[in-house]
Amino acid sequence: MTRLNNPVWSGHSLRQAQGRLCPLLLTLILALTFSTQALAQEKPIALRGGKLLTVTHGVIENGVIVMQGGKISAVGAASSVNVPSGAQVIDVTGMTIYPGLIDSETQLGLTEISAEDMTNDLVELSDEIMPHMHTAEAFHAESALIPVARMNGITNAVVAPDSGDTLPGQDSFIQLFGSNATEMLLIRDSAMPLNFTGDQRRNKGGFGARKFPSTRMGLAAQLRQAFLDAQDYRTKWAEYERKKADAAQNKDKEKDKEKDKKSEPLPPKRDLKLEALLPYLEGKKTVVLAAEGPSDLQTAVSLANEFKLKFVLNHISHAQPVLDYVASLKVPVIVGPIYEAPKEDERYDAVYSLPAQLYKRGVKIVFASYSAHNVRNLPDQAGFATAFGLPYEEALKAITLNAAEVWGVAEQLGSLDVGKTANVVVANGDPLDVKTDVKQVFIAGREVPMTDRQVRLRDEYSKK
Amino acid sequence: MLHYVWLTTTLVLVSTAAFGQSEGFAHHDIVIKNAIVMTVTHGNITNGSIYIKDGKIAAVGETVNAPVGATVIDAGGRYLTPGIIDSHSHIALDDDVNEATSPITPHMMMKDAFNYQDKAIYRALAGGVTTSLLLHGSANMIGGQAVVIKHKYGATRDEMLFPNAPRSIKFASGENPKRVYGSRDQLPSTRMGNFAVQRQALVEAQDYMREWDSYNDKIKRGDKDASPPKRDLKLEALADVLRGKIMVQIHIYRSDEMLTEIAMAKEFGYKIRAFHHALEAYKVADQLAENNIAIATFADWWGYKQEAWDAIPWNATMSMRKGVRVAIKSDSEDYTRRLNQEAAKAIRYGGATEEEALKMITLNPAWIVGVDDRVGSIDVGKDADLVIWNGYPLSSYGVPEKVLIDGDVYFDRSLPGLGTTHYKEGE
């Protein structure tokens, strides 16, 4: 058995680790350099002796998990799991092992320094209807923010455009480790946000407004027109396809070439905006419907229903008066963030307790950091929600399995189950507690270098 | 200025007495028993008790002597800490945080903008905050003078002012003044501009101070013809900084600027109480410790602007180990509601002890505010500003059950509605 040769991992305090950091840091930097070349897990790894939070089949004390070929190949009690020969066996006694965490809305890869515009690719504000913006095409895989997030066990995330437009573009679903953007972008155009919170209004109503849409009715009319245009567009293309098929048939029948040329139909002009809406109109992909209060929520839902969109809800931080209605929709909710301030007349915990209130009504909930720099704090929110009544298991599911289900990747992610991608986190305690320290992260069975820009600065100035 | 402070204090004392009598919650003798008392200064007392008399901590220990008639609060074995102190806040000022019309505005008094009815005060109270330092914003190199409040939500405006709190002034540096004035093609638009503006103001204050000193000398010598110089509120405030009568709190990010501010303070002979934000303190922690400058920092915020790019979550513990007094503050209506969780991050990043982490949101910010002799720990003689938690406070799970200020319960989670005792909805 070996122990990973990493000062953070082996539980030494910062102070104890000083003096040994220099050669180790070098090793880590080298490890990072090489691992970016190696795409696949090289040899099986077995973590032995830890407490496994499987998410799907309870907690296993003194468990073993085996990772092979990038996937989980065995999970169970130490007594019942056979470790393959040649596996690297790591003693994780005293550690808690859980599946990689999934953040259901981030801006990872779309920003570096918030106040520096040239580092931001968050949202295209020139128009409200921008479904043809693909976050995958702006995603910056080398962002310094990504290692910071994954160091705390976040292994997967939704990358969404900022909410300045009603239809700001399409999300990506990423893995937070890989040699390049292609490898990290697990799903391009994974979903599409539709924001209806009032914040999308241009110069906000009133007699002074100069730009449409400056009101909610303007936003709604514009959205409705966009979906109607997309329906028309679909019809036009369907007609064209039909005519083309007819023409092809006629071609077979008739031999007159002159006549044949005349009957060849012309394709409609391609429109990228409308084209981008089609998978959503057809219910093939999920719309992420964002609203805060009861009125906006119901307006947005009726709009979605009008066009038979498949949707999940986002935020609904101030929908407390209509939670039964929310439950009746039978769709998952990306809730919060629960740190959203309550309304003036509301109790201090009106939003803190929202996850518990939704769960009680049978709603599937997931959490999101809605952040880029603070993605690492995703589990804190889940933990805090338990202080206001959300059962612990549900809180953990909300950042693992539930999220995997919402984003259509539950076959691969979200729990410690055989056959799933080996995204596995080793920590010195409860994943939802703010003071828990993550010691090692595995992504697709690969040992992620436990370093980032901040660790390097820490170590540099610890030596001085 | 001194006269002004004295007057306020008198008003506070008078109105407290009147309020107490008419509303029927004069300070009773209270005993909190059966608590894990986290004293901050002398360890934890499991199964401890506190005797509160006249709003002050009169005794603390495994057992306390208290009169028979004292009201007993059974903490049910829960944790009890001092009230949290937020040493950097802008709540309850509505939008009047920055008088961004000139880079030098030391005569702005945050108290004049203080909106004691702001619900943010209540929401912070529910998170265990009992004292906050409400500061001017960072648009100006020298902003206004802070107000210190106690979160007695539902009390009168004057009752919420921390009695006899020392004066603090907000200085700033770096990107914010640069951006605010630079975007208007005004001075300052660079860091050298920033410091030139600051130095110019201090030089003028020196002249002003000399004029007044010479006038006062003449009066002392019996010169009846001496005519007083014209009073200038701006320069008067800065003269008080130079006289050491106002504590200097500086918004600052980069370590090089910290060294420049230290040099500037030496040049003009004033002391810096604390660097706020101070995300690069870990780079110059020795110099900060040497000059007895505290930091009020974030637990793990970073990257929101260029000067926050070198922020690391180990800043608090690394600075602490070099002997710097470290406070974790909110600078946020949101984070002020859960500073206990932010402090717990110091345990995770760099292995602070429980007591060290707790100190970062109690005794250390109390020192920064200048009220560490009155609040910030559970010691005899201090104000009975206390929080009973439903779980371990240095975790994601601990939530305040009851919050007491000056021995009165101001928040009780078990109550319906807002959980407030002094504030009634609709009033």
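At what angle do the axes of helix 5 and helix 6 of chain B cross? In this predicted model, the axes of helix 5 (residues 191–220) and helix 6 (residues 233–242) of chain B cross at roughly 90° and come within 8 Å. Helix 5 of chain B is therefore roughly perpendicular to helix 6 of chain B. On the helix 5 side, the contact is formed by Ala201(B), Leu202(B), Glu204(B), Ala205(B), Gln206(B), Tyr208(B), Met209(B) and Trp212(B). Helix 6 of chain B contributes Leu235(B), Leu238(B), Ala239(B) and Leu242(B). Sorted by class, the contact between these two helices holds 10 nonpolar residues, 1 polar residue and 1 charged residue.

Chain B contains 12 helices and 17 strands. Its C-alpha trace spans about 65 × 55 × 40 Å along the principal axes. The radius of gyration of chain B is 22 Å, which agrees with the value near 22 Å for a compact globule because the chain has 427 residues. Of those 427 residues, 56% count as buried. Among the contacts in chain B with a separation of 6 or more, 69% join residues 24 or more positions apart.

Chain A can be described in like terms. It has 14 helices and 17 strands, and buried residues make up 48% of its 464 residues. For contacts in chain A with a separation of 6 or more, residues 24 or more positions apart account for 68%.

The two chains also meet. Here 36 residues of chain B are in contact with 29 residues of chain A. On the chain B side, the elements giving two or more residues are helix 2 (119–125), helix 9 (315–321) and helix 10 (339–348). Helix 10 of chain B gives the most to this side, with 5 residues. By class, the residues of chain B that touch chain A comprise 16 nonpolar, 11 polar and 9 charged.

His422(B) lies in the segment after strand 17 (408–412) of chain B. Beyond its neighbours within four places in sequence, His422(B) is in contact with Lys152(B), Tyr153(B), Gly154(B), Ala155(B) and Tyr410(B). His422(B) and Tyr410(B) are 12 residues apart in sequence, and their C-alpha atoms are 6.3 Å apart in space.

Conventions: Residues numbered from 1 in each chain as written. Chains lettered and ligands numbered in written order. Predicted model: local features only at pLDDT ≥ 70, side-chain atom pairs only at ≥ 80, totals over all residues. Axes fitted to C-alpha atoms, helices over the stretch in contact; angles between N-to-C directions. Helix = DSSP H or I, 4+ residues; strand = E, 2+ residues; numbered from the N terminus. Parallel < 35°, antiparallel > 145°, perpendicular 65-115°, else oblique. Contact = placed C-beta atoms within 7 Å. Nonpolar A, V, L, I, M, F, W, Y, C, P; charged D, E, K, R; others polar. Buried ≥ 20, exposed ≤ 12 C-beta atoms within 10 Å, placed from the backbone. Rg over C-alpha atoms; globule rule 2.2 N^0.38 Å.
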